[in-house]
Amino acid sequence: MARNININSEVRETTTSVRLTSAEKAEMEQNAKDLGFRSVSDYLRHLHSGQNKSKSNEKLIEDAIPKESDIDVFHETDKGKMYLGNSLDYLFNVAEENSVDLIMTSPPFGLVRKKTYGNEDADVYCDWFRPFAEGFKRVLKDEGSLVIDIGGAWKPGTPTRSLYHFDLLLMLCKEYGFYLCQEHYWWNPSKLPTPAEWVNIRRVRVKDAVNTVWWLSKTPFPKANNRKVLVPYSDSMRSLLLNGYTAKERPSGHVISDKFSKNNGGSVPPNLLAIANTESNGYYQDYCRKNGLDIHPARFPSQLPEYFIKYLTDPGDFVLDPFGGSCVTGKVAEDLDRKWACVELNSGFLQGAVSRFHTEADKSDIENEKDRKKNKVKPKEVKYEIWAPCSLPVDESEVKVVKDGGRTRPTPASKIETLIK
Ligand SMILES: C[S@@+](CC[C@H](N)C(=O)[O-])C[C@H]1O[C@@H](n2cnc3c(N)ncnc32)[C@H](O)[C@@H]1O
């Protein structure tokens, strides 16, 4: 009898027979081969361990959900509530099933940053997220959307990226049945060139300036209307609308009809959202500073939830942020006449967040108020420019690729001069 030794050096000395049709046997052998298994036995063991994993996932979820509710309303307005507590408690013990039109959130991702960012960490992140995924499915309406802003991360010590946010997306779609409606990219034009080691010193990577934003749903047809998020026409389109367009065939072979010159009130935006995250002097910050509260370190700019709330919901709909932070989502939802709930674990963040709902009278005692009022009048149309790649000429006889891929640090020019002398 052929013996099979597993990686733990445990001897496999029993066999079992499985009755199959010859087609089933051929199919299994083919599957095992296609997936790179040495034998059908290895393939079956792999399928069995998957079965165990889904059982252990069920246990993981069961253990994570609080059995008794321990969540408090921290602040309340006519339209919404800020909760202090664990959002799993909210998702399973407070919220009604199928009650939410939009979950707009940015989960913590510092969790992986402290570790090594390898595959194992992506697994840890996904396992941590599982109970939330289950809860989101529970509370989301069939026509609702789940929008997750999630930044990427670098693996420490090498100029390579973690895969955790892609693993999360795959898990949500493949295991929890969410649909990817469309990925968006939030481009922050004011992002500094980091990580400096790879970008500025070794020169082997470029500025990391986009966050991925996964827009997901329970069905392939969540409610949405891109007419609610149009952007101003480009200068060339404006002049075209003014002067008319003659229908003709483009070099690509597409025939552009004269309907092209119909003014629809604006252009459909691309899935690249240009939003500078530079606000450091608003009332929220002033209030936190004055009261010795921590300013939330990972806030998203209000235009991010504004875009998705307008695009995917109508006034009166219900918006939830389960990782509420400083309650930017709640404040935007309030201003846009939606009902809302934000859930946050850290009471310090909520103490600061309450200031977002202060009335003008509450605000009068904060220093800097005059400046703040001035700053509040923001231009309606904000436009950023980005250069097409390779817009600057380069002398390739002078500038060569870094042959070792950044493995070693370049010697500073000053040091070379000293060595020559
Ligand atoms: C990236 S921040 C969100 C920031 C927020 N979008 C803003 O603009 O202020 C993630 C937040 O989730 C909170 N959090 C983490 N786990 C949580 C949980 N189980 N329930 C509620 N909040 C949680 C963290 O304390 C953190 O404030």
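Two strands are said to pair if DSSP finds at least two bridges between them. With that in mind, one may turn to Tyr-83, which stands opposite Val-343 in β13. The structure discussed here is a predicted model. The strand β4, residues 80–84, is joined to β13 by 5 bridges, and these two strands run parallel.

An open sheet is formed by 9 strands, in the order β3-β4-β13-β12-β5-β6-β8-β7-β11, and its pairing is mixed. At the edges stand β3 (72–76) and β11; each has a single partner strand, so one side of each is left without a neighbour in the sheet. From one strand to the next, the twist averages 20°.

The strand β13 also pairs with β12, in the parallel sense and over 4 bridges. Two residue pairs illustrate this part of the sheet: Phe-318 stands opposite Lys-339 in β13, and Asp-321 has Cys-342 in β13 as its bridge partner. The strand β13 is mostly covered, with 6 of its 6 residues buried. Lys-339, Ala-341 and Val-343 point one way from the strand, while Trp-340, Cys-342 and Glu-344 point the other way, and all are buried.

Further along the order of the sheet lies β8, residues 210–217. Of its 8 residues, 6 are buried, so this strand is largely enclosed by the rest of the structure. Its pairing with β6 is antiparallel, over 6 bridges, and Ile-148 stands opposite Trp-214 in β8. The pairing of β7 with β8 is likewise antiparallel, over 8 bridges; here Trp-187 has Val-210 in β8 as its bridge partner.

The next element to consider is helix α10, residues 303–312, which is mostly covered, as 7 of its 10 residues are buried. The buried residues are Leu-304, Pro-305, Tyr-307, Phe-308, Ile-309, Tyr-311 and Leu-312. What lies over them includes the strands β5 (100–105), β6 (140–150), β7 (179–187), β11 (272–274) and β12 (318–321), together with helix α11 (328–335).

Which residues are in contact with Val-147, leaving aside its neighbours within four places in sequence? They are Leu-102, Ile-103, Met-104, Val-213, Trp-215 and Phe-308. Phe-308 is also among the buried residues of α10.

Finally, the model holds a ligand. It is surrounded by 18 residues, of which Ser-87, Arg-299, Phe-323, Gly-325 and Ser-326 are the closest. By class, the shell around the ligand has 9 nonpolar, 7 polar and 2 charged residues. Helix α3 (87–94) and strand β13 (339–344) each supply at least two residues of this shell.

Terms used: Residues are numbered from 1 along each chain as its sequence is written. This is a predicted model: local features need pLDDT of at least 70, side-chain atom pairs count only at pLDDT 80 or more; totals for chains, interfaces and linings use all residues. A residue is near a molecule or strand if its C-beta atom, placed from the backbone, lies within 6 Å of it. Ala, Val, Leu, Ile, Met, Phe, Trp, Tyr, Cys and Pro count as nonpolar, Asp, Glu, Lys and Arg as charged, and the others, Gly among them, as polar. Two residues are in contact if their C-beta atoms, placed from the backbone, lie within 7 Å. A residue is buried if 20 or more other C-beta atoms lie within 10 Å of its own, exposed if 12 or fewer, and partly exposed in between; C-beta atoms are placed from the backbone. Axes are lines fitted to C-alpha atoms, for helices over the stretch in contact, and angles run from 0 to 180 degrees between N-to-C directions.
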